[in-house]
Amino acid sequence: QVQLVESGGGSVQAGGSLRLSCEGSGYTPRSCMGWFRRAPGQEREGVAAVYTGSGSTYYADSVKGRFTISQDNSKNTLYLQMSSLKPEDTAMYYCAAKVFGSCSGGSWKIWNYYRNWGQGTQVTVSS
């Protein structure tokens with residue numbers, strides 16, 4: 001069973017940066033690891049994902065060019081570097097694992113394909 005723990009959330013002004021971390025236990029290769037977010041009153045949204053086998057990355061259009069997902073296999077940790085933050089990025093951010101699952105074909109965006117979730121970390125961006 002993969003356990004995931006996020007950290008790094010906080011409050012920043014628009015234009016600022018944050019780096020989220022997600023440390024996993026029971027980490028496995030060849031998995032799709034994703035970051036999702038959920039703002040109050042909105043649906044859960046896929047933000048970015050990485051396939052741990054190849055390092056291929058995937059991004060939502062709303063964050064392309066501003067967010068970067070990366071992994072450190074030696075530390076079993078997933079990162080989300082967020083820059084040029086906007087108030088609309090305000091949400092609870094979650095990392096998720098789809099063990100031995102693919103990220104391709106847009107499947108990385110489908111939250112209920114992921115079986116393992118962290119508890120979330122809050123990101124608040126003020127204007």
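Buried, in this talk, means under 20% relative accessible area. Keep that cut-off in mind for the cysteines. One caution before we start: this is a predicted model.

Today's topic is the disulfides. How many does the structure hold? Two. Counting bonded cysteines along the chain, the pattern is 1-3, 2-4.

Take the pair Cys22 and Cys95. A disulfide joins them, with an S to S distance of 1.9 Å. Where do the two residues sit? Cys22 is in strand E3, residues 18-25. Cys95 is in strand E9, residues 91-98. The bond therefore ties together parts that are 73 residues apart in sequence. Now the geometry. The angle about the S-S bond is 50°, and the link of Cys22 and Cys95 is right-handed. Are these cysteines buried or exposed? Cys22 is buried, and Cys95 is buried too.

Now the other pair, Cys32 and Cys103. Here the disulfide has an S to S distance of 2.0 Å. Cys32 belongs to strand E4, residues 32-38. Cys103 is in a loop, the one between E9 and strand E10, which covers 116-117. So this pair ties together parts that are 71 residues apart in sequence. What is the handedness? The torsion about the S-S bond of Cys32 and Cys103 is about 110°, so this disulfide is right-handed.

Back to the cut-off. Cys32 has 0% relative accessibility, so it counts as buried. Cys103 has 1% relative accessibility, so Cys103 counts as buried as well.

Definitions and conventions:
Residues are numbered from 1 along each chain as its sequence is written. This is a predicted model: local features need pLDDT of at least 70, side-chain atom pairs count only at pLDDT 80 or more; totals for chains, interfaces and linings use all residues. Side-chain values use heavy atoms; hydrogens and water are left out. A disulfide is a pair of cysteine sulfur atoms within 2.5 Å. Helices (H or I, at least four residues) and strands (E, at least two) are DSSP runs, numbered from the N terminus. Buried means under 20% relative accessible area, exposed over 50%, partly exposed in between (1.4 Å probe, protein chains only).
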